[in-house]
Amino acid sequence: QAQLVDSGGGLVQAGGSLRLSCSASGRTFSPYIMGWFRQAPGKEREFVAAIKRSGSSTYYADSVKGRFTISRDDAKNTVFLQMNGLKPEDTASYYCAARLTPVAIPTTPSAYAYWGQGTQVTVSS
C-alpha cells in the first residue's frame, strides 16, 4: 500500500510564509493528480489546491488564490504547497491527497484514495 507523508506545518504570524511538502512512498507510485485539503476544528474538510501530473493543470480555492502556489516533482512523487501572506483563517490541519486515475472533479475529498497524516498550520494575529 502506498503511503503519503506530509510535513512543513508550524506556527507563524499573520503575513508569514510556510512551505508544506508531501512525499509518496514507492518508486512505482505515480499519481495522476495530487492536492491539498485543510480542516479546521468543527469544520468540514475543504479543498485548497490540486495539480495534475507534470503541472499541466492547477486548481485553487478562491480563498487562497494569489497567496498559495502548488507544485510537484513527478520524479520524486512529491507535491509542495507554498503559502504566503498567511491569515488567521488559514489555521487548520493540512492534508495532502493523491489519485492515480483521471477525475472530472478534483476538488472534493471523495475523489482521492490516498491521504497524508496531516500537518498543523497555525497563524497568529
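F37 counts as buried because its relative accessibility is 0%, where buried means under 20% relative accessible area, exposed over 50% and partly exposed in between (1.4 Å probe, protein chains only). The model is predicted: local features need pLDDT of at least 70, side-chain atom pairs count only at pLDDT 80 or more, and totals for chains, interfaces and linings use all residues. Residues are numbered from 1 along each chain as its sequence is written, and side-chain values use heavy atoms, with hydrogens and water left out.

**Aromatic pairs**

- A search of the whole structure finds four aromatic pairs; rings of Phe, Tyr and Trp (its six-membered ring) pair if their centres lie within 6.5 Å, and planes under 30 degrees apart count as stacked, over 60 as edge-to-face and the rest as tilted.
- One of them joins F37 and F47 edge-to-face, with 5.6 Å centre to centre and 75 degrees between the planes.
- F37 lies in strand β4 (residues 33–39) and F47 in strand β5 (residues 46–52), so this pair ties together parts that are 10 residues apart in sequence. Strands (E, at least two residues) and helices (H or I, at least four) are DSSP runs, numbered from the N terminus.
- F47 has 12% relative accessibility and therefore counts as buried.
- F37 also forms an edge-to-face pair with Y112, at 5.4 Å centre to centre and 75 degrees between the planes.
- That pair links distant parts of the chain, 75 residues apart: F37 is in β4, and Y112 is in the loop between β9 (92–99) and β10 (114–115).
- Both F37 and Y112 are buried.
- One aromatic cluster is formed by F37, F47, Y112 and W115.

**Charges over rings**

- The charged end of R19 sits over the ring of F80, 4.1 Å from its centre; the criterion is NZ of Lys or CZ of Arg within 6 Å of the ring centre and within 35 degrees of the ring normal.
- R45 lies over the face of Y95, at 3.8 Å from the ring centre.

**Nonpolar core**

- The largest nonpolar core has 36 residues, and W36, L81, M83 and Y94 have the most contacts inside it. Such a core is a set of buried Ala, Val, Leu, Ile, Met, Phe, Trp, Tyr and Cys residues joined through side-chain atoms within 4.5 Å.
- At least two residues of this core come from each of β3 (18–24), β4, β5, β7 (68–73), β8 (78–83), β9 and β11 (119–124).
- Not counting residues up to four places away in sequence, L81 touches residues including L18, W36, V48, F68, I70 and Y94, where contact means heavy atoms within 4.5 Å.

**The four-stranded sheet**

- Four strands form an open sheet in the order β1-β3-β8-β7, with antiparallel pairing; two strands pair if DSSP finds at least two bridges between them.
- β1 (4–7) and β7 are the edge strands, each pairing on one side only.
- β1 and β3 are antiparallel and pair over four bridges.
- S7 stands opposite S21 in β3.

**Strand β4 and its partners**

- Six of the seven residues of β4 are buried, and the strand is mostly covered.
- β4 pairs with β5 in the antiparallel sense over six bridges, and with β9 in the antiparallel sense over seven bridges.
- M34 has I51 as its bridge partner in β5 and A98 as its bridge partner in β9.
- The hairpin of β4 and β5 has six residues between the strands, and G42 there takes a positive phi near 75 degrees.
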